[in-house]
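Please view the sequence and the model together before turning to the points below.

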Amino acid sequence: VAEVKRIGRRLDPGQYARFAGGAGHRGILPVRQTGQMTDICRWAAPGRVNLIGEHLDYNGGPVLPMAIDKGTTVKARIRDDDRVHVWTTHGGNQHTDFGLDAMPGDVDGWAAYVAGVFWVLRESGHPVPAFDLVVDSDLPAGAGLSSSAALQCAVGGAINDACALRIEPLHLALLMHRAETDFVGVPSGSMDQIAVVCGQAGNALFINGGATPPSIEPVPVDWTAADLELVVIDTGVKRGLNDGRYAQRRTECEEAAELLDLPSLAAAGPDAVLRIDDATLKARTRHVITETARTRGARRAIMAHNWKQFGAMLTASHESLRDDFQVSCMELDLAVDSAIAAGALGARMTGAGFGGCAIALIPVHQTGHLIESVSATFEHTQRSAPHCFVARPSEGMHRLSGN
Ligand code: GLA
């Protein structure tokens, strides 16, 4: 840290100048007009879609996410005072700053994700200095594509690099997860940070949450060889993980596991539903048991290139999330139903639910038709057309070259 601090210089606000090289950051990047910008490092972290294995990570079950070709970039430079400054072009130009000693509860909104990174690193024995950070992203926020994990991990990657902390990727992902639970206060599982940090181009990750630390196995996904692609349908219904509904699902699962005398619900056998009387807890348990089986089956189907079977599992997963786990919504159901009617091999909501995105596996030549028919269905029900794009399995958090 001392070595890097030496090259960090105090940035006088008067020296902040327009940045000639990056249109996206014009007017907000705190870069000196003159001099070499060798002390800036740039990191990127992708968003993710979860192919299958929903609401299993905090239940000790398997999940199968993939990093996607949309994400967040961070330019980072060390300061020699004790305030972190963050600029973002995302959602309009915004600037915020907070002290290096910020504690849980001191910082709100999206900036809490950044402050949490500093907090968790310092808490775990890395006395990191303050930084100037410039954040840009092409990931929609609140859409279930892990925009907050991408933000955390791009910042964490940049700090890890700039301060030569040498934190291993999985460990970094788990630290970022701790920042989300203990600093931001969202009781999430660790799937998002692991997918965002450890993602591999061309692969999904089969993450076994039953192991400590979770084990990760890359699973090559080459549906393009079968002329298929994965379309993401962003319903535009925004959701947050801290409105209580996510936490409620998690509590229900913990209650069910306790009733069954199990350490986590994914360890339940098929007879578990017969041993629970409460209708809600029974339904939550049924989802966890069937989704665990589907996720394992989906991994096998992908490896066997059996896309029809994989597609059927996607759709069955959606039905379970809709009926048993009850985390879908009207717009997600509309998106899934119209994608299937338009020729998708399978479709489901992805992420926590309650809004956000659906995914559909569809023959390439039918994608245009899918987008048109999903848009028409939404417009027919007085909703604005969803934003659709094709997602490709991409590299996880990484350093970008140049300044
Ligand atoms: C959110 C959480 C994850 C996971 C999913 C549901 O994305 O951050 O940990 O629980 O919801 O599968």
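How many nonpolar, polar and charged residues does the shell around the ligand have? The shell has five nonpolar, four polar and four charged residues, where Ala, Val, Leu, Ile, Met, Phe, Trp, Tyr, Cys and Pro count as nonpolar, Asp, Glu, Lys and Arg as charged, and the others, Gly among them, as polar.

The model is predicted, so local features need pLDDT of at least 70 and side-chain atom pairs count only at pLDDT 80 or more, while totals for chains, interfaces and linings use all residues. Residues are numbered from 1 along each chain as its sequence is written, and side-chain values use heavy atoms, with hydrogens and water left out.

**The ligand and its surroundings**

- Glu54, His55, Asp57, Asp192 and Tyr246 come nearest among the 13 residues around the ligand; a residue is counted there if one of its heavy atoms lies within 4 Å.
- Polar contacts are pairs of N or O atoms within 3.5 Å; within protein, one must be able to donate a hydrogen and the other to accept it, and residues adjacent in sequence count only if both atoms are side-chain atoms.
- An oxygen atom of the ligand lies 2.6 Å from a polar side-chain atom of Glu54.
- For Asp57, an N or O atom in the side chain is 2.5 Å from an oxygen atom of the ligand.
- Gly189 takes part through its backbone, with an N or O atom 2.9 Å from an oxygen atom of the ligand.
- The ligand exposes 300 Å² when taken alone, and the protein buries 100% of that; accessible areas come from the Shrake-Rupley method with a 1.4 Å probe.

- Ala279 belongs to helix α7, residues 279–303; helices are DSSP runs (H or I) of at least four residues, numbered from the N terminus.
- Ala279 is exposed because its relative accessible area is 58%; exposed means over 50%, buried under 20%, and partly exposed in between (1.4 Å probe, protein chains only).
- Asn306 is in the loop between α7 and α8 (307–323), and is partly exposed because its relative accessible area is 31%.
- A polar atom of the Asn306 side chain lies 3.1 Å from the backbone nitrogen of Gln309.

**Ser338**

- Ser338 lies in helix α9, residues 330–341, and is buried because its relative accessible area is 9%.
- The side chain of Ser338 has a polar atom 2.7 Å from the backbone oxygen of Leu334.

Notes. Helix = DSSP H or I, 4+ residues; strand = E, 2+ residues; numbered from the N terminus.
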